[in-house]
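Biologist: Can you take me through the side-chain contacts in this one? Start with the rings, then the charges.

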Amino acid sequence: MIIEYSRKRGLHLHDPFDFRKLKLVFKAEAPVGSPALRGIVIADRDNALVPVDLIPVLPGTPHDDNSWATAYRKMVELARELNWIDVDANAIRVHIEKNF
C-alpha cells in the first residue's frame with residue numbers, strides 16, 4: 001500500500017490491497033506542516049507518522065469493501081505489536097521515498 005503525494009492529486013492511496021509495503025511516496029515536495037499533508041508528520045529524513053484514521057479516508061481506498069477494512073485493522077494491530085505505532089499521536093510509522 002502506497003500513500004502518494006503529488007501537487008496535482010494531493011494525497012491518495014495506491015495499491016490499497018498490498019498490506020506488506022506501507023510507505024509514503026512524494027512525487028513532489030510538500031512544505032513541512034502543509035495542510036495538504038493532512039496531519040502527516042515527518043519524523044526524520046526517512047520516516048513519517050501517518051495518522052491511523054487518515055488512510056481509510058484517502059482517495060483510492062476501497063470504501064465499500066469490508067474485507068479491506070478488516071485487513072487494514074489487522075495491519076494496524078501488527079504494526080502496534082512491532083512498535084510502529086506512536087500511541088500518543090495514534091499514527092503509524094512509515095518509510096518515506098522521494099520520486100521527484
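Biologist: Which residues do the ring pairs link into a cluster?
Modeller: F19, W68 and Y72. Rings of Phe, Tyr and Trp (its six-membered ring) pair if their centres lie within 6.5 Å; planes under 30 degrees apart count as stacked, over 60 as edge-to-face and the rest as tilted. The model is predicted, so local features need pLDDT of at least 70 and side-chain atom pairs pLDDT 80 or more, while totals for chains, interfaces and linings use all residues. Numbering runs from 1 along each chain as its sequence is written, and side-chain values use heavy atoms, without hydrogens or water.

Biologist: How many aromatic pairs by that rule?
Modeller: Three. In one of them, W68 and Y72, the ring centres are 5.2 Å apart and the planes at 5°, so that pair is stacked.

Biologist: Where do W68 and Y72 lie?
Modeller: Both are in helix α1 (residues 66-81), four residues apart, about one turn. Helices are DSSP runs of H or I, at least four residues, and strands runs of E, at least two, numbered from the N terminus.

Biologist: Buried or exposed, W68 and Y72?
Modeller: Both are buried (under 20% relative accessible area; exposed is over 50%, partly exposed in between, with a 1.4 Å probe and protein chains only).

Biologist: Now charges. What does K23 form a salt bridge with?
Modeller: E97, with the closest N and O atoms 3.0 Å apart. The rule wants a side-chain nitrogen of Lys or Arg within 4 Å of a carboxyl oxygen of Asp or Glu. K23 is partly exposed at 21%, and so is E97 at 26%.
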